[in-house]
Structure formats: C-alpha cells, structure tokens
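Reader: I have a model open and want to learn to read it. Where do we start?

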Amino acid sequence: GAPRGAHANRHSQFVLLMISGSCKVKIDDGTEQSVVTLDRPDQALWLDKMVWKEMSDFSYNAVLLVLSNEKYDESEYIRNYDDYKRILSADGN
C-alpha cells in the first residue's frame, strides 16, 4: 500500500505500537534519517514534536496504533518537506 504519514507536527508527540503485523517507520529530524521496523506488540516507538515521519511497507493485516499527547489540530501539521526544513532552519535547528 501507499506510505502513510509524510508530515511533521509542531506540537504533537506520538507513540507508535504495532498491534499486529509489521511496518517500517522512516524518521527524519532534519539532520539525521533512520528507518525503524516495528514488528512486535511489546515494542513502542516514541516520536518527538518536529520529527518528520513516514510509515510504509505494511504487512498483510497490519494494525498500527498511534497515540498522541495532543488533540487533532490540522494547523500544527507540516505536510511539505521543504517547508519542514525551512521551519527548522528558521527555528535555529
């Protein structure tokens, strides 16, 4: 299936839990990129605010639970990677 995510959040932090199946999570903090494979229900991945994330390579019957510390607010989403990099530079990161 198509990748999911492909955004950063100005305020929200997230915990990702793979309830069933597996997926890959590409993480980019503006300086370093890494890919984490989630494939066990007893592991979790915490993502801080202002981290670009993209989930992909979902297995058949994959169930990914995403918990947030904030209520949904579309205005805090950064959905364009060039905008994300520009905002990080402006913030001195």
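Predicted model: local features only at pLDDT ≥ 70, side-chain atom pairs only at ≥ 80, totals over all residues.

Reader: Now the pair β1 and β6. How many bridges join them?

Author: Three bridges, in the antiparallel sense. Take His-7 as a case: its bridge partner in β6 is Lys-53.

Reader: On to pockets. How is empty space found at all?

Author: Rolling a probe the size of a water molecule over the atoms shows where empty space is left. Here, the largest pocket has a volume of about 200 Å³.

Reader: Which residues line the largest pocket?

Author: The lining is made by Arg-4, Gly-5, His-7, Phe-14, Leu-16, Lys-53, Met-55, Phe-58, Val-66 and Tyr-77. β1 gives the most, with three residues.

Reader: What is the lining of the largest pocket like by class?

Author: Six residues are nonpolar, two are polar and two are charged.

Reader: Next, single residues. Is Asn-9 buried or exposed?

Author: Read its relative accessibility against the cut-off: under 20% means buried. Asn-9 has 0%, so it counts as buried. Asn-9 lies in strand β1.

Reader: Which residues is Asn-9 in contact with, leaving aside its neighbours within four places in sequence?

Author: Phe-14, Lys-49, Met-50, Lys-53, Glu-76 and Tyr-77. With Glu-76 there is also a polar contact of 3.4 Å between the side chains.

Reader: Now Ser-75. Where does Ser-75 lie, and is it buried or exposed?

Author: Ser-75 lies in the loop between β7 (63-68) and β8. Over 50% means exposed. Ser-75 has 56% relative accessibility, so it counts as exposed.

Reader: Which side chain does a polar contact join to that of Ser-75?

Author: That of Asp-73, at 2.7 Å. Look along the chain as well. Ser-75 and Arg-10 are 65 residues apart in sequence, and their C-alpha atoms are separated by 8.8 Å.

Methods
Residues numbered from 1 in each chain as written. Heavy atoms only, no water. 1 Å grid on protein atoms, 1.4 Å probe; cavity = no way out; pocket = protein on both sides within 12 Å on 5 of 7 lines; lining within 4 Å. Points joined across faces, edges and corners; volume = space filled by probe spheres on them. Helix = DSSP H or I, 4+ residues; strand = E, 2+ residues; numbered from the N terminus. Nonpolar A, V, L, I, M, F, W, Y, C, P; charged D, E, K, R; others polar. Buried < 20%, exposed > 50% of the residue type's maximum accessible area, 1.4 Å probe, protein only. Polar contact = N/O pair within 3.5 Å; in protein donor to acceptor, adjacent residues only side chain to side chain. Contact = heavy atoms within 4.5 Å. Pairing = 2+ DSSP bridges.
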